[in-house]
Amino acid sequence: MSNTPMAASPLTRAVLEIDEYASGLGWDQPARLFALVDTARLRAQEPGLAAQLGLEHEQKTTGLTPVEQEEIPAGKPLDEFLGTIAWPDAVVGCALTVERLMLPPSAEDSVPEGLSGKKLTQWVAAHPDRQEVRMTVGVLRDGTRDSALRLREKDAATEVLTGAGLVPGLAEALSATFAD
């Protein structure tokens, strides 16, 4: 992982690795879901898969390996899709990368009354202050969270914002995939 700080937590490193991967695919991509597995455990229990993923020579330190899941069904709302997920015990966390339009907080007061759903989406898309953003959110079974945000207009690894509380709603939805 070339642009990931080595001092970062394993979850932060995984989130930034996924962000970098998504960045390499370009913009206007569908949402992508990843299982997060303990790298050392993966090497020990699944050496063939670890070799296929290029992990056999990785450092023996703690880390998480993102494993991309099958494509998210087109046309199905993300919250409904996430409600159908159950992870096996070997998965210690999960992450999702998704692109959205966002408005600055200063635009909240100008949202017309009564807009919801498709009409609100259209209004945001036409707003002059809208920003295209790629959000990558990761959560662990123990409740740990981290996020990376990349603005399309500042599409550089050095401009990626990170923090545990950047996308709380999406983090909650991902955490719910681990609920019994």
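**Chat notes: paired strands and a cavity**

Me: Start with β5. Which residue there is the bridge partner of valine 139?
Reply: Arginine 145 in β5 is the bridge partner of valine 139. Keep in mind that this is a predicted model.

Me: How many bridges join β4 to β5, and which way do the strands run?
Reply: There are 7 bridges between β4 and β5, and the two run antiparallel. Strand β5 covers residues 145-151.

Me: And the hairpin of β4 and β5, how many residues sit between the strands?
Reply: The hairpin has 4 residues between its strands. Glycine 143 in that hairpin takes a positive phi near 100 degrees.

Me: How many bridges does β4 make with β3?
Reply: 10 bridges join β3 to β4. That pair also runs antiparallel.

Me: Which residue in β4 is the bridge partner of glutamate 99?
Reply: Arginine 134. Both glutamate 99 and arginine 134 also line the largest cavity.

Me: Okay, new topic then. How many cavities of 30 Å³ or more are there?
Reply: The count comes to 1. The volume of the largest cavity is about 50 Å³.

Me: Which elements give two or more residues to its lining?
Reply: Helix or strand by label, they are α1 (10-25) and β3 (91-102). The largest share, 3 residues, comes from β3.

Me: Which residues are in the lining?
Reply: Ala22, Leu25, Gln29, Pro30, Arg32, Thr97, Val98, Glu99 and Arg134.

Me: How do they divide into nonpolar, polar and charged?
Reply: The lining has 4 nonpolar, 2 polar and 3 charged residues.

Me: Let's pick threonine 97. Where does it lie?
Reply: Threonine 97 lies in strand β3.

Me: Why does threonine 97 count as buried?
Reply: Because its relative accessibility is 3%, and the cut-off for buried is under 20%.

Me: What does its side chain make a polar contact with?
Reply: The side chain of threonine 97 makes a polar contact with the side chain of threonine 136, at 3.1 Å.

Me: And which residues does threonine 97 touch, leaving out those up to four places away in sequence?
Reply: Ile18, Ala22, Pro30, Ala31, Arg32, Phe34, Arg134, Met135 and Thr136. Among them, Ala22, Pro30, Arg32 and Arg134 also line the largest cavity.

Terms used:
Residues are numbered from 1 along each chain as its sequence is written. This is a predicted model: local features need pLDDT of at least 70, side-chain atom pairs count only at pLDDT 80 or more; totals for chains, interfaces and linings use all residues. Side-chain values use heavy atoms; hydrogens and water are left out. On a 1 Å grid over the protein atoms alone, a cavity is a set of points where a 1.4 Å probe fits but cannot get out, and a pocket is an open set with protein on both sides within 12 Å along at least five of seven lines; lining residues have an atom within 4 Å of a point. Grid points are joined across faces, edges and corners, and a volume is the space filled by probe spheres set on the points. Ala, Val, Leu, Ile, Met, Phe, Trp, Tyr, Cys and Pro count as nonpolar, Asp, Glu, Lys and Arg as charged, and the others, Gly among them, as polar. Buried means under 20% relative accessible area, exposed over 50%, partly exposed in between (1.4 Å probe, protein chains only). A polar contact is a pair of N or O atoms within 3.5 Å; within protein, one must be able to donate a hydrogen and the other to accept it, and residues adjacent in sequence count only if both atoms are side-chain atoms. Contact means heavy atoms within 4.5 Å. Two strands pair if DSSP finds at least two bridges between them.
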